[in-house]
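User: I'd like to go through a few of the labels used for this protein. Can you take me through them?

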Amino acid sequence: MKKHIYLIAAFLGLGVGISQAQVQKGSVLIKNATVLTVTKGNLESSDVLVQNGIIIQLGKNLTAPAGVNTIDASGKYLMPGIIDAHSHVGLDVVNEGSAPITSEIRMKDVVNPTEIGIYRALAGGVTVSHAMHGSANVVGGQNATLKHRWGSMDPADVIMQDAPRTIKFALGENPTRVHGRGNGIQPRSRMGVEAVIRNGFNEAIQYKKGWEAYQLAKNQKGNTTPPPAYNERLQTLADILDGKIIIHCHSYRADEIYMLINVIKDFNIKKVVFQHTNEGFKVAPEIAEYTMGASVFADWWAYKMEVYYSTAFNAAILQKNGALTSINSDSAELIRHLYHEAAKTQRYGGLTDEEALAMITINPAKQLGIEDKVGSIEVGKQADLVIFEGHPLSSYAVPQMTFVDGVKYFDIKKDNNDQRQWVAATEMVEPIFLRANEEAHRCMQDVDAYFEAFQGAFLKEKH
Amino acid sequence: MNRMYKTFCALLLALLPVVAMAQIDGEFVKPRNGKFLLKNATVVTVTKGTLANTSVFLENGKISKVGTNLSSDGAEVIDCTGLFIYPGIIDGGTRLGLVEVSSVPETVDYADVGNVTPNMQALTTVNPNSEAIGVTRVSGVTTVLTVPSGGLFPGTAALINLNGYTPDQMYGGFKAVAMIFPSSGRRGRFDRRSDEDVKKDGEKALKEANDIWENAKSYLELKKSGATLAYFPEMEQLSKVISGELPLLIEVNAASDIQQAIKWVEGKNIKVIFTGVAEGWRVADEIAKAKIPVVTGPVQELPTRSSDRYDAPYANAGLLAKAGVKVALRTDDEENVRNLPFHAAFAAAYGLGKEEALKAVTINPAEIFGVADQYGSVEAGKRANLIVSTGDPFETRSQIMHVFIDGYRIPMSNRHIRLYQEFLERSPGLKAN
């Protein structure tokens, strides 16, 4: 028996070894850029030296060690790789809409490293995306944090292995439509959503107690107590209660946001980020006090009832109330210009350049629990970097090169037709997708049937 | 720091009138007309260059004078020192006013039942009090084409100004019959028809279009010959296209469909505008040769094919213009038409250039819609549709300070701004008092 365990361990170890060995780490010296560090101010015509995927030096007149390429970025801007805290790019499926709680589902299992959306995101300077489960369920699946290492056929290479676990929750119209109206089970209302969450956590507490009792009993002499049945769904909820997983909760209305804040207080959960959070501005002081903040759209509103009373000033209000705030895409289209989405906080609320840039770099990094690794240009951090022509908050900005771990994955000068890694047999005759934008918003992907049943031909909105 | 301070001041100024107004319970600032002298601005006329230290006089809903040293002559004087005046921005294709909340069918009025309904009038269903109108116009977009969609001939689009209490007060003097050209593309990833079915559906639709066209021609001929005709409102409306009274606004996107549409239009001797034209860059020369003007967009959109360059939609307008096509831009949106200036900036950055991009949202749509005598530039004699901004209105850091539509000074407020004012410093805050 023991031998088997060793064998399995050796096998697993080998597996990890292989997947890490394949992750490329680059070395590069970027010279004479205006460096927007985000956390430590701006450095005029400065250099950034990267070795083996890590930023090792910032300064002027740095020289490249032997064998390290130099890139002249005179007149250009260098900023940290953009981080999207809400995306579905690089996923083959998004929703497992079969139950109000599906915490056992893992998006890691459906990552597609060849999806063209990853390259397009790189072309917009995005190096890390939070590949989320959809919003069909109150408790959805566990998300995957991706690093956009374009070019690999192995899903493990684009997964950020050193990122902490996160899970999707969803409140409001989507879970009540899918489950209450679609399947005739709870939740049918926002009351039901609360009940589903509280029931789930309480069941997980019972489950934990069962295992704790078994562990205690196991050590007693002559014990014959059988172990409780293993349940991945409840174990995951128990891990949330133990602070091992960050909740990322799809939410729109202030009442439902406030409800979840009360729930997490009752269960002593600290790690919660609200997603979308269109009415977050109404409960900004509460979000600031009790949560890891909100990840919001720059200006989306009115596409469904629960976002009708939104304001484009949401991000600014949250920020000025001290809530950790990020701007996300939830869209294969928007992810390509998050720098522009962040810039909208200057039109709507007059945020500073530093505040605006933080909303797509260090702030989402904090919300994903990876702020010690990425999200700013600092010595010791992973070298995820973007070179821009024009200030990234200008509407005319054009990303020029994007690096992940010091490796250049996008270069506008080398961009060409057909950047696909792999073409599916079904796409040998290439389909043309018109109005692809509507399809790009995929929070409710794979549960179209529920919309068609209730909204017929007028279906458009899937967030 | 300097810019931060400037931005802050700009915002403060922008919100000042509204903040002041909010002090008095129950008082509401309405759009108001009158005589206004916008003094000492940099005037970006679009058609006559950029004029420094220039003033603009507005009266009777029109721009009466553009020049230096204009006397106030009893007008309300607005000091525009350090500010910029641009013509009101025009969106060449939206659903603004036709829908309030797109997932709530009861509020969706841009599509009706039936495949051939050209007699459906977008102008009829424009809701002058739609929240989206107030949200849009403070961005500097003052005028939009609002377009029905759905079937083959879904209805008649109308140009509207974003001020007024009835559709007629908003009407901008241009209508066009909309046509959704039979498509060989897919409507999205959920569209799982076989390639063969997509092709067949396209051919069937084209045949239907041809049959309907023949009927409409017969209708017009019979009408001209004085025959007594039964009530055919669809034919009546289509016959106006055939007679040249109304243009045909053809939504067409895939390259092969654009070629097909060029062929379809040939010899019909009608006024045609193409709209959408997502793959226009693939056949730009052919569109230019056919001399068909184009309203393209959205610019911030995904490429139509996985193999396309990531920036194909950003670059499309520039490539069309370079080939010699007259180009205007559209958002094809409802609630976020306010983003048109940013779409224009992206088109500018990816090949169209700033000057042409500005034209593509001002004078070009005005010319394409045949209303350039009234809209699209800052010139004496034109309608008083203009905006005053702290800088380039395509930049997010610029603030739009004033908007005038048809000579009305528009209050710089809307629900988004009011929510900001109420909730920036909520009272009570975290703890009850």
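Analyst: Here are some labels and the values behind them. This is a predicted model, where local features need pLDDT of at least 70, side-chain atom pairs count only at pLDDT 80 or more, and totals for chains, interfaces and linings use all residues. Residues are numbered from 1 along each chain as its sequence is written, with chains lettered from A and ligands numbered from 1 in the order in which they are written.

User: Why is Phe313(A) called buried?

Analyst: Phe313(A) has 24 other C-beta atoms within 10 Å. A residue is buried if 20 or more lie within 10 Å of its own C-beta, placed from the backbone (exposed if 12 or fewer, partly exposed in between), so Phe313(A) counts as buried.

User: What is Phe313(A) in contact with, leaving aside its neighbours within four places in sequence?

Analyst: Its partners are Phe281(A), Tyr348(A), Gly349(A), His416(B), Leu419(B) and Tyr420(B). Contact means that the two C-beta atoms, placed from the backbone, lie within 7 Å. Phe281(A) is 32 residues away in sequence, yet the C-alpha atoms are 8.2 Å apart.

User: What makes α5(A) and α7(A) roughly parallel?

Analyst: Helices α5 (residues 190-218) and α7 (residues 254-266) of chain A pack at about 20°, with axes 11 Å apart. Angles under 35 degrees count as roughly parallel (over 145 roughly antiparallel, 65 to 115 roughly perpendicular, the rest oblique), so α5(A) and α7(A) get that label.

User: Which residues meet there, between α5(A) and α7(A)?

Analyst: Arg190(A), Val193(A), Glu194(A), Ile197(A) and Arg198(A) in α5(A) meet Asp255(A), Glu256(A), Met259(A) and Val263(A) in α7(A).

Key. Axes are lines fitted to C-alpha atoms, for helices over the stretch in contact, and angles run from 0 to 180 degrees between N-to-C directions. Helices (H or I, at least four residues) and strands (E, at least two) are DSSP runs, numbered from the N terminus.
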